[in-house]
Amino acid sequence: MSATILILNGPNLNLLGRREPAVYGRETLDTIAAACRERAEALGYAVDVRQSNHEGELIDWIQQTHADVRGIILNAAGYTHTSVALADALRAVGLPVIEVHLSNVFARESFRHHSFIAPVARGVIAGLGSHGYLLALEAMARLLDADRADAPGPAAPP
C-alpha cells in the first residue's frame, strides 16, 4: 500500500468553477482532485482528497490520520485567517503540512494576510491557481522522500 498524502479543502471550495472565477479560476474541485491523484501516483504516493464547509469536520479528519498518512496539504480557505483550532490540530498530529491557496492572499484584503496555519506549515503556496496543489504535492513528496532517506536503517552486520 502506498503512503498517503491527505489533501483537505475548507469552506466554499466545493463551489470552485462557479464561485468568482476571476479570483479562483474555472476548474472544479473534482478536476483538481483528479489531477492530484494522477500526479501523486507518478510520485509514488496516494492521495485522499476531502472538502468540508465545517471546521470541526476538518479537525476530525486531521485527528483521525492513520499510519499510512505521511503529510497534509491544506487549503483551509477562510479558516486560514480565523482558526486557531485547525492550527492546534495540525500541531498535535505532528505531520508535515503545506498550506495552499488558489489566489494570492497577500494581494487581497488585509484580513487575508494573516494565517494561523502558516506557523505550523513547512511551506505556503499561494496565487498559482490549481497548479499550486501540484506544486504542493511535489514539495511534499520531496520532503517525505528526504525524511525516508534520512531515517536510520537496520544496523549493518558486524
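The questions and answers below concern a predicted model.

Q: Which residues does UniProt list for "active site"?
A: The annotation comes from an unreviewed UniProt entry, and such annotations may be inferred rather than shown by experiment.

Q: Is Y24 buried or exposed?
A: Y24 lies in helix α1, residues 21-24. Beyond residues up to four places away in sequence, Y24 touches L16, R19, L102, S103 and R108. A residue counts as buried under 20% relative accessible area. Y24 has 12% relative accessibility, so Y24 is buried.

Q: With which side chain does the side chain of H101 make a polar contact?
A: H101 is in strand β4, residues 97-101, and is buried at 5% relative accessibility. Leaving aside neighbours within four places in sequence, H101 is in contact with N75, A77, T80, I125, A126, G127 and L128. The polar contact, at 2.6 Å, is with the side chain of E99.

Q: Where do the buried residues of helix α3 fall, seen down the axis of α3?
A: Helix α3 covers residues 55-63, and its buried residues are L58, I59, W61 and I62. Seen down the axis, these residues fall within an arc of 160 degrees, so they line one face of the helix.

Q: Which side chain makes a polar contact with the side chain of S83?
A: S83 is found in the loop between β3 and α4. S83 is buried, with a relative accessible area of 1%. Apart from neighbours within four places in sequence, the contacts of S83 are E55 and F116. The polar contact, at 2.3 Å, is with the side chain of E55.

Q: Which element gives the most to the largest nonpolar core?
A: This core has 27 residues, of which I5, I7, I73, Y133 and L137 touch the most other members. At least two residues each come from β1, α2 (29-43), β2, β4 and α5 (131-150). With seven residues, the element that gives the most is α5.

Q: How many residues are in the second, separate core?
A: I5 belongs to the largest core, and its contacts outside four places in sequence include Y45, V47, I73, L137 and L144. The second core is separate, and L8, I72, A89 and A121 are among its members. Its number of residues is 19.

Q: Which backbone nitrogen does the side chain of S115 reach at 2.9 Å?
A: S115 is in the loop between β4 and β5 (123-126) and counts as buried at 13% relative accessibility. Not counting residues up to four places away in sequence, S115 touches T80 and E99. A polar atom of the S115 side chain lies 3.0 Å from the backbone nitrogen of I117. At 2.9 Å, the side chain of S115 reaches the backbone nitrogen of A118.

Notes:
Residues are numbered from 1 along each chain as its sequence is written. This is a predicted model: local features need pLDDT of at least 70, side-chain atom pairs count only at pLDDT 80 or more; totals for chains, interfaces and linings use all residues. Side-chain values use heavy atoms; hydrogens and water are left out. Helices (H or I, at least four residues) and strands (E, at least two) are DSSP runs, numbered from the N terminus. Buried means under 20% relative accessible area, exposed over 50%, partly exposed in between (1.4 Å probe, protein chains only). Contact means heavy atoms within 4.5 Å. A polar contact is a pair of N or O atoms within 3.5 Å; within protein, one must be able to donate a hydrogen and the other to accept it, and residues adjacent in sequence count only if both atoms are side-chain atoms. The arc is that of the directions from the helix axis to the C-beta atoms. A nonpolar core is a set of buried Ala, Val, Leu, Ile, Met, Phe, Trp, Tyr and Cys residues joined through side-chain atoms within 4.5 Å.
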